[in-house]
Amino acid sequence: MKLLVVEDHPNLRSLLVDHLRHRGFAVDAVDTGQRALAAQCVTRYDAMILDLGLPDMDGQRVLEQRGADRDRPIPCIILTARDAVESRIASLDAGADDYVLKPFDVRELEARIRAVLRRASNSSVTLSCGNLVFEPRARQASVDGKALDLSRRETMLLEEMLRTSPRIVVKEYLEEHLYADSESVTLNAIEALVSRLRRKLANGGARAGIQTVRGIGYRLLPGRDETDDPA
Ligand code: CA
């Protein structure tokens, strides 16, 4: 995932770049609006983090003139001061995907970037693995056209597994993304959830199966190759 950081404050810029690189993103950073627009002409970015107060032009104009990827404007998160309500509204009206108020915790920004990237990654395209099909809009999974009866949480788990397949979904990631912060979750709860989904997929006739990768997480594979943790 490649990000463009547009921020003229040198300390904040290097803080953002260091943190995001450390978290596995490829990051380019610029300090003016002109450079931001120029960078988008030569590089395809997955998302842009944009400060509104830039020395050469209003960040709002960068937002309006930003590049597009596959007909869709580059997803954009605005960095803005707490009192700038008007410009925040204008930015959202101009198509910003989210905003973060300064001063902010860089971990919150990172979480918002991930959320924007998830939404942008073809969130409405039908997902499938073998004869198992999932319609994100309807939140409905089916096998050979026959609907599966899944709980809300089982559905979220299946969607994560389908989007990641055939790569591994890390257990701690599921813990963070399937449950709210206020809920206390044990890793046993994740294991129980996976076991329920695995059983429903098998009973529904899905050829795809969830493989346990011991100590790491799970992956969805088109042919059933399951190794369940001992109960
Ligand atoms: Ca600024």
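**How the labels are reached**

Author: Let us begin with one pair in this predicted model: strand 13 and strand 14 (residues 217–221) run antiparallel to each other and are joined by five bridges.

Reader: What makes strand 13 and strand 14 count as a pair?

Author: Two strands are said to pair if at least two bridges are found between them; strand 13 and strand 14 have five bridges, so they meet that definition. Within the pair, Q211 stands opposite R219 of strand 14. The two strands form a hairpin with three residues between them, and G215 in the turn has a positive phi of about 80 degrees.

Reader: How do you know that strand 12 pairs with strand 14 as well?

Author: Strand 12 is joined to strand 14 by two bridges, in the antiparallel sense, and because at least two bridges are required, this pair qualifies too. V169 stands opposite Y218 in strand 14.

Reader: Why is strand 13 called mostly covered?

Author: Five of the five residues of strand 13 (residues 209–213) are buried, where buried stands for under 20% relative accessible area. This holds for both faces, with G209, Q211 and V213 buried on one side and I210 and T212 on the other.

Reader: Which residues touch the most other members of the largest nonpolar core?

Author: That core has 27 residues, and those that touch the most other members are L132, L157, L158, L162, L201, I210 and L220. Several elements give two or more residues to this core, including helix 6 (152–164), helix 7 (171–178) and strand 14, and helix 8 gives the most, with five residues. Apart from this core lies another, of 19 residues, among them V5, V27, A47 and L79.

Reader: What makes strand 2 and strand 7 the edge strands of the five-stranded sheet?

Author: That open sheet has the order 2-1-3-6-7, with parallel pairing, and strand 2 (26–30) and strand 7 (98–102) are its edge strands, since each pairs on one side only. From one strand to the next the twist averages 20 degrees. Helix 1 (residues 10–22) packs on the sheet, and its direction makes about 170 degrees with that of strand 2. Helix 2 (residues 33–42) also packs on the sheet, touching strand 1, strand 2 and strand 3.

Reader: Which residues coordinate the calcium ion, and how do you know that they count as donors?

Author: D8 (OD), D51 (OD) and G53 (O) coordinate the calcium ion at 2.2 to 2.3 Å; the cut-off for calcium is 3.2 Å, so these atoms count as donors. In sequence the donor residues are spaced D-x42-D-x1-G.

Technical notes: Residues are numbered from 1 along each chain as its sequence is written. This is a predicted model: local features need pLDDT of at least 70, side-chain atom pairs count only at pLDDT 80 or more; totals for chains, interfaces and linings use all residues. Side-chain values use heavy atoms; hydrogens and water are left out. Donors are N, O and S atoms within 2.8 Å of the metal (3.2 Å for Na, K and Ca); water is not among the atoms, so sites may look incomplete. Buried means under 20% relative accessible area, exposed over 50%, partly exposed in between (1.4 Å probe, protein chains only). Helices (H or I, at least four residues) and strands (E, at least two) are DSSP runs, numbered from the N terminus. Axes are lines fitted to C-alpha atoms, for helices over the stretch in contact, and angles run from 0 to 180 degrees between N-to-C directions. Contact means heavy atoms within 4.5 Å. A nonpolar core is a set of buried Ala, Val, Leu, Ile, Met, Phe, Trp, Tyr and Cys residues joined through side-chain atoms within 4.5 Å.
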